[in-house]
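Good morning, and thank you for coming.

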Amino acid sequence: YHIALTHSAGGEYRLYIDGIFIKLAGGGSPGTNVNSAIMGAMDSTADGLPKNYYNGWMEELRIWGVALNPEQIRMMMNQRIKKSDDNKVIGEVIPLNIPALAWNNLIGYYRMDDVGCGNLYPYNDGVNYIGYEGKLINITTPQEKSAPLPYISATNGPWRDKNTWTQPVVWDA
């Protein structure tokens, strides 16, 4: 699944799953602080240790400095991205420009393919690292690339037929 959460300056959080709008909720903006970010777990304020760790696979994590619109989410959701020659965001496999989105709006990009000894390194676009180094818990080697990024078919066939796809084991229509 592809999960996207956006936050607008007006205080709206929007949840999208596989590009489909699911829920709207209100809430304040995250403020500047000196705390570490925790992804895939819940912060426990009582003892300072995270709990309820995510148990699954994650192909990529992207953190944007702007709220994405549904069109931008849908154009990027099933493929990796890269920087175009004119500082725009384009698809890596299907090199279409993502409308009205500049590469410098990307503030954290983790492909989960540069993992060593439990360390997570941000993506290097050839000039800059996009984000900060992190620490992984219980992961010390790169994960198997099983997400269909982008969806690539093995043969012509119906969308819901697993045999149509090159990754039928992980495909869930």
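Predicted model: local features only at pLDDT ≥ 70, side-chain atom pairs only at ≥ 80, totals over all residues.

Are Arg 80 and Glu 59 buried or exposed? Both Arg 80 and Glu 59 are buried, where buried means under 20% relative accessible area, exposed over 50%, and partly exposed in between, with a 1.4 Å probe and protein chains only.

Residues are numbered from 1 along each chain as its sequence is written, and side-chain values use heavy atoms, with hydrogens and water left out.

Let me turn to the salt bridges. A salt bridge here is a side-chain nitrogen of Lys or Arg within 4 Å of a carboxyl oxygen of Asp or Glu. The search of the whole structure finds 5 salt bridges. In one of them, Arg 80 pairs with Glu 59, and the closest N and O atoms are 2.9 Å apart. Because Arg 80 lies in the loop between α1 and β5, and Glu 59 in the loop between β3 (20-26) and β4 (61-64), this pair ties together parts that are 21 residues apart in sequence. Helices (H or I, at least four residues) and strands (E, at least two) are DSSP runs, numbered from the N terminus.

Arg 80 also forms a salt bridge with Glu 60, with the closest N and O atoms 3.2 Å apart. That pair links distant parts of the chain, 20 residues apart. Arg 80 has a relative accessible area of 11%, and Glu 60 is likewise buried, at 16%.

Elsewhere, Glu 92 forms a salt bridge with Arg 111, the closest N and O atoms being 2.5 Å apart. Glu 92 is in the loop between β6 and β7, and Arg 111 is in the loop between β8 and β9, 19 residues apart. Glu 92 counts as partly exposed at 32% relative accessibility, whereas Arg 111 counts as buried at 9%. Salt bridges that share partners join Glu 59, Glu 60, Arg 62 and Arg 80 into one network.

I now come to the nonpolar cores. A nonpolar core is a set of buried Ala, Val, Leu, Ile, Met, Phe, Trp, Tyr and Cys residues joined through side-chain atoms within 4.5 Å. Which residues have the most contacts inside the largest core? They are Trp 64, Met 76, Ile 81, Val 89 and Trp 103, in a core of 15 residues. At least two residues of this core come from each of α1 (70-76), β7 and β8 (106-110). A second, separate core of 6 residues includes Leu 61, Met 112, Val 115 and Leu 120.

Finally, the strands. Two strands pair if DSSP finds at least two bridges between them. Strand β5 (residues 81-83) and β6 pair in the antiparallel sense over 3 bridges, and Lys 83 stands opposite Val 89 in β6. Their hairpin has 4 residues between the strands, and Asn 87 there takes a positive phi near 65 degrees. β6 also forms a hairpin with β7, with 5 residues between them.

A further open sheet has 3 strands in the order β9-β10-β13, with antiparallel pairing. β9 (115-116) and β13 (134-135) stand at the edges with a single partner strand each, so one side of each is left without a neighbour in the sheet. Val 115 stands opposite Leu 120 in β10.
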